[in-house]
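Reader: I would like to learn how to read helix packing and a nonpolar core from a model. Please take one feature at a time.

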Amino acid sequence: MSFSKRLIENLGSARSVCVLTGAGVSAESGVPTFRGDDGLWKKFKPEELANFDSFIRNPDLVWEWYSYRKKVMKEVVPNPAHTALVELQKLVPEFTLVTQNVDNLHIRAGSTGVLELHGNIERSYCIDCKEREDDVSLDASGKVPRCRRCGGLIRPDVVWFGEFLPPDTFARAEWAAGHCDVFISVGTSAVVYPAASLPLAALNTGAYVVEINQEYTDLSSRVHETILGKAGVILPAIVQALHTPGNHSV
Ligand code: BV8
Ligand code: ZN
């Protein structure tokens, strides 16, 4: 696995860098990805569970999935990929971290100003009165949590398929992608829109666009450089190379 001299030079001279992360960045923390072999709940496709209609039809099943994922989140910690992005933020004048992940690991690692396109599993709210009730999950009898104020169903504060992304968050992500010198897409299969449109926006405005992933994706043929491998190895190596000019591959 190696990255180009050009990437390090571009990062070293960049005024603005935008990074988009997906489930692959959390994989080395032990968080299952969505579509990989360790895919979350292989028997279901994310689209089948992560949508409002499924929730209304079978709230207990959907909450069983989120309770499992919230339990996983309590047992894992950020990995070197998250830490490298905290370091990279310190090296770049304008750094924007955009994540599709809902696992809160970037914030726990120390990244700031994180744009959470798809929400955050640590937050929940009532679908009727919108009251926030964060520390909830399935109760002992496996029943979906209900609002203390009005008895409505509580849902995770994540963006489900068919739902709009938080407008302000996505607008800021689009602006960052369209104004950066270097865009890094890391650990994402780049299939979910409109998040997957961000690297394309960066390409259209002349940024140097790099993909770091364990497999090729639909994005691979469009970007300047695809680095195959683990985010927890590649990102620290890139940060290391930025600290030691002249070291351009690992
Ligand atoms: C919307 C939250 C407007 C819930 C998620 C075009 C335009 C607009 C919309 C669409 C469109 N085409 C289709 C749509 C609809 C849909 C969509 O994109 N569908 C896809 C499946 C085709 N989009 C939407 O519905 C979005 N809303 O568009 O609103 C609208 C409104 C009404 C009507 C129409 C339009 C909402 C999308 C958000 C869905 N919510 N998550 C939850 O998490 O429970 S998406 C879900 O997928 C996660 O957030 C996840 O982050 C995201 C993307 O997955 P990845 O992160 O990429 O994970 P994946 O497993 O797929 O890949 C991991 C990669 O990492 C792999 O490639 C693997 O090789 C690699 N990897 C693994 N280990 C490592 C690694 N790489 C490096 N190192 C490692 N160690
Ligand atoms: Zn309520």
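**Helix packing and the core**

Author: Leu7, Ile8, Leu11 and Gly12 of H1 are in contact with Ile238, Ala241 and Leu242 of H10. Contact means heavy atoms within 4.5 Å, and helices (H or I, at least four residues) and strands (E, at least two) are DSSP runs, numbered from the N terminus. By class, this contact has six nonpolar, one polar and no charged residues; Ala, Val, Leu, Ile, Met, Phe, Trp, Tyr, Cys and Pro count as nonpolar, Asp, Glu, Lys and Arg as charged, and the others, Gly among them, as polar.

The model is predicted: local features need pLDDT of at least 70, side-chain atom pairs pLDDT 80 or more, while totals for chains, interfaces and linings use all residues. Residues are numbered from 1 along each chain as its sequence is written, and side-chain values use heavy atoms, without hydrogens and water.

Reader: Which residues touch the most other members of the largest nonpolar core?

Author: A nonpolar core is a set of buried (under 20% relative accessible area, 1.4 Å probe, protein chains only) Ala, Val, Leu, Ile, Met, Phe, Trp, Tyr and Cys residues joined through side-chain atoms within 4.5 Å. Here Leu7, Val19, Ile212 and Ile238 do so, in a core of 30 residues. H10 gives the largest share, seven residues.

Reader: What does Ile238 touch, beyond residues up to four places away in sequence?

Author: Ile238 touches Phe3, Leu7, Ile8, Leu11, Ile212 and Ile227.

Reader: Is Leu117 buried or exposed?

Author: Leu117 is buried, with a relative accessible area of 0%. Leu117 lies in the loop between strand E3 (115–116) and strand E4 (119–126).

Technical notes
Chains are lettered from A and ligands numbered from 1 in the order in which they are written. Buried means under 20% relative accessible area, exposed over 50%, partly exposed in between (1.4 Å probe, protein chains only).
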